[in-house]
Amino acid sequence: MQFDSISAFFDMGGYAFFVWLSYGVSALLLTLLVYTSLNNHKNVKNKIAQRLLREKKLRKAAQKQSADQDNSVVENPSKNTNEAVS
Amino acid sequence: MWKWLHPYANPEVSYHFVGKLLPWISKITILLLAIGMIWALVFAPADYQQGDSFRIFYIHVPTAILSMSIYVAMASAAFCSLVWQFKLADASAAAMAPVGAVITAIALFTGAAWGKPMWGTWWIWDARLTSELVLLFLYLGVIALHNAFEDKNLAGKAAGILSLVGVVNIPIIKYSVEWWNTLHQGATVSKMEAPSMSMDMFLPFIFSFLGIAMLVTFVICIRFRTEILARNGMRPWVRNLITAEGVK
């Protein structure tokens with residue numbers, strides 16, 4: 001232990017401002033770096049998840065549409081044949 | 001001889017491999033950083049000339065060394081990506097650039113905060129300080145190029161060429177204190193020789209250096225995984241992974 005008391009520790013032999021400024025800014029920057037990196041990872045995952053959801057919705061809509069078309073094709077033949085006859 | 005390495009060129013294998021390492025890396029980081037910082041701030045002896053302002057050394061020197069090491073690692077990755085078109089090398093280079101920029105900024109800032117009480121000035125345009133500032137701008141340029149193109153391959157190429165050209169700055173930083181007259185002192189800690197400082201000052205340095213180095217590794221690993229996901233978002237394995245994890 002290099003310091004006699006807590007206040008001597010915070011005083012840093014008169015260099016308190018410079019020592020704590022260095023350590024403080026370094027800790028702040030490194031914390032921000034870790035936080036943004038973790039956050040970034042989550043955001044990229046969410047973006048991909050949202051895209052997958054959108055694709056699923058589009059696929060469902062397309063299926064429904066083609067199913068409707070199939071139905072209309074089944075309903076229509078009589079009409080078509082009528083037209084052909086007339 | 002290098003066959004065992006081949007599977008790791010696969011993004012999926014690399015993603016999961018790094019994911020398995022991460023919990024260990026984070027634990028070692030916390031342990032080493034805690035030991036290093038407490039030892040540096042509380043138990044390391046004060047310098048006989050500089051008093052307690054010398055404790056800035058335990059952040060300034062590790063970050064200054066790492067700012068250059070990360071750059072060399074990034075440029076090597078960029079070289080592999082440009083020459084052999086390793087996609088993952090490009091992803092790792094993109095992951096390293098922001099980390100290197102932050103570490104360089106810390107080295108510059110702590111240097112200024114140490115220079116003020118010891119030299120009487122926050123900043124001086126001398127060789128060591130200026131070349132380290134150029135290093136920060138190189139990092140910022142590489143980051144900007146990585147984000148400048150929608151096409152990640154093209155962006156990686158442009159950023160890779162800039163990082164390779166910038167390598168010329170590394171020996172200039174390293175030897176600036178020998179080639180020019182400068183306020184900055186010469187190296188205290190060197191790989192090849194015994195350190196020119198006492199053991200009770202040097203040991204806490206080893207711990208703070210390894211602690212910050214592990215923290216850097218930790219962040220690079222996270223960003224590396226993010227890059228892999230972002231570049232492989234259309235692949236089936238990423239779809240399965242994301243579907244399995246669900247939306248948060």
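A nonpolar core is taken here as a set of buried Ala, Val, Leu, Ile, Met, Phe, Trp, Tyr and Cys residues joined through C-beta atoms within 7 Å, a residue being buried if 20 or more other C-beta atoms, placed from the backbone, lie within 10 Å of its own. The model is predicted, with local features requiring pLDDT of at least 70 and side-chain atom pairs pLDDT 80 or more, whereas totals for chains, interfaces and linings use all residues. Residues are numbered from 1 along each chain as its sequence is written, and chains are lettered from A in the order in which they are written.

The largest nonpolar core has 70 residues, and those with the most contacts inside it are B:Met74, B:Ala93, B:Met96, B:Val99 and B:Val216. Its largest share, 18 residues, comes from helix 3 of chain B (helices being DSSP runs of H or I, at least four residues, numbered from the N terminus). Beyond its neighbours within four places in sequence, B:Ala93 is in contact (C-beta atoms within 7 Å) with residues including B:Met74, B:Ala78 and B:Ala159.

The axes of helix 2 and helix 5 (residues 152-166) of chain B, lines fitted to C-alpha atoms over the stretch in contact, come within 9 Å and cross at roughly 130°.

Between the chains, the contact takes 36 residues from chain B and 29 residues from chain A. Helix 3 of chain B gives the largest share of the chain B side, ten residues.

Definitions and conventions: Two residues are in contact if their C-beta atoms, placed from the backbone, lie within 7 Å. Helices (H or I, at least four residues) and strands (E, at least two) are DSSP runs, numbered from the N terminus. A residue is buried if 20 or more other C-beta atoms lie within 10 Å of its own, exposed if 12 or fewer, and partly exposed in between; C-beta atoms are placed from the backbone. Axes are lines fitted to C-alpha atoms, for helices over the stretch in contact, and angles run from 0 to 180 degrees between N-to-C directions.
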